[in-house]
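The sequence and the structure come first, and the description follows.

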Amino acid sequence: MRLRRIIVIGAAVTAVLATTAAVLPGAPADRAQPLPALTAPALAARYAADARMVAQFLDFNPQGQGLAVEVIGDLALARRVAILVPGSDTTLATFDTRGTASPGGGAQILAAQARRLDPGARLAVIAWLGYQTPHTLSPAVMTSGDAGQGASALRLLVDDLARNGHQVALLCHSYGSVVCGLAAPHLPVTDIAVFGSPGMDASSVRALHTPARVWAGRGASDWIGYVPHIQFLGLGFGQDPTAPAFGARLFGCGPGGHSGYLRPGSIALRNLAYIALGEPGQVTR
């Protein structure tokens, strides 16, 4: 996928506020706040802080359920890129509305956790809603049709990143792990981590045909553990990725449920941040 022109959220928000200010009565102005010291060290610190908070869109499409590809961090300077691939019932309307269970919120907290673990790391995190996700209560959620379309789009993004020298890790939640499983064969990524996974449409790590480190984790309270891991007449996604027979590297996720993997302070978040950073030796198994 050719990376489309960057759309900065701040520009859109500023335009809306400017338009609103022109037609509505203004509130009393707050007292002007002092500017930061205009010394080189002070400005460098301010610019560095701003850069860490920058969120940009590589792609945005409001049609239908909507598509969005948001970058947290400086992609131009990043050495590693972690792509967060969401599961079912994720739309543009829920991209940022469910806290860390949303792609946008999850990417923000993952990037913040990675900075705490390694302040000097050159890591960018991408919240990737690059496909039309199925509804949880629909027959489509038991088939790989939507996942196949998502895998094709994901492969294009990863290939683009790899050609530009980035090391890529895929972090795939729930139905998003089906997308990652279909995209995996010979994909130039260093790590594929699935969590809350119904399966990867594969019987084992070997069947994924990937040189990447493949990780799997599941919270103790995640209902996905009760879903039958079968594959019959196009329904289901095969072996449980956390099963020993699958052959993935298991990582600790603690007691959390299906939507709690990226909650601040969780074992799962810490481990996923280390996987994103490319530090497998720090992951608790």
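## Terms and basis of the model

A residue is called buried when its relative accessible area is under 20%, exposed when that area is over 50%, and partly exposed in between, with a 1.4 Å probe and protein chains only. Helices (H or I, at least four residues) and strands (E, at least two) are DSSP runs, numbered from the N terminus.

The model is predicted, so that local features need pLDDT of at least 70 and side-chain atom pairs count only at pLDDT 80 or more, while totals for chains, interfaces and linings use all residues. Residues are numbered from 1 along each chain as its sequence is written, and side-chain values use heavy atoms, with hydrogens and water left out.

## Overall make-up

The protein has 6 helices and 9 strands, and 46% of its 285 residues count as buried. If a contact is taken as heavy atoms within 4.5 Å, then residues 24 or more positions apart account for 67% of the contacts with a separation of 6 or more.

## Helix 5 and its surroundings

Helix 5, residues 176-183, is largely enclosed by the rest of the structure, because 7 of its 8 residues are buried. These buried residues are Gly176, Ser177, Val178, Val179, Cys180, Gly181 and Ala183. They pack against strand 4 (80-85), strand 5 (123-129), helix 4 (145-163), strand 6 (167-173) and strand 7 (191-195).

The axes of helix 4 and helix 5, which are lines fitted to C-alpha atoms over the stretch in contact, with angles running from 0 to 180 degrees between N-to-C directions, come within 8 Å and cross at roughly 60 degrees. That makes helix 4 oblique to helix 5, given that angles under 35 degrees count as roughly parallel, over 145 as roughly antiparallel, 65 to 115 as roughly perpendicular and the rest as oblique.

## Nonpolar cores

A nonpolar core is a set of buried Ala, Val, Leu, Ile, Met, Phe, Trp, Tyr and Cys residues joined through side-chain atoms within 4.5 Å. The largest one has 42 residues, and those with the most contacts inside it are Ile83, Ile126, Trp128, Leu154, Leu170 and Ile192. Two or more residues of this core come from each of strand 3 (67-72), strand 4, strand 5, helix 4, strand 6, helix 5, strand 7 and strand 8 (213-217), and helix 4 gives the largest share, 6 residues.

Leaving aside residues up to four places away in sequence, Leu170 touches Ile83, Leu154, Val158, Cys180, Leu187, Val189, Asp191, Ile192 and Ala193. A second, separate core of 32 residues includes Phe57, Ala68, Tyr261 and Tyr274.

## Salt bridges

With a salt bridge taken as a side-chain nitrogen of Lys or Arg within 4 Å of a carboxyl oxygen of Asp or Glu, the count comes to 4. One of them joins the side chains of Arg80 and Asp191, at 3.5 Å from N to O; the pair links distant parts of the chain, with Arg80 in strand 4 and Asp191 in strand 7, 111 residues apart. Arg80 is buried at a relative accessible area of 4%, and Asp191 is likewise buried at 1%.

Asp191 also forms a salt bridge with Arg213, the closest N and O atoms being 2.7 Å apart. Because Asp191 lies in strand 7 and Arg213 in strand 8, this pair ties together parts that are 22 residues apart in sequence. Arg213 is partly exposed, with a relative accessible area of 24%, and Arg80, Asp191 and Arg213 are linked in a network of salt bridges. Another salt bridge, between Asp160 and Arg163, has an N to O distance of 2.3 Å; these residues are 3 apart in helix 4, or about one helical turn. Asp160 is buried, with a relative accessible area of 12%, whereas Arg163 counts as exposed at 61%.

## Helix 6

Helix 6, residues 267-277, is mostly covered, with 9 of its 11 residues buried. Its buried residues pack against strand 4, helix 3 (103-117), strand 5, strand 6, strand 7 and strand 8. Just after helix 6, Gly278 takes a positive phi of about 75 degrees.
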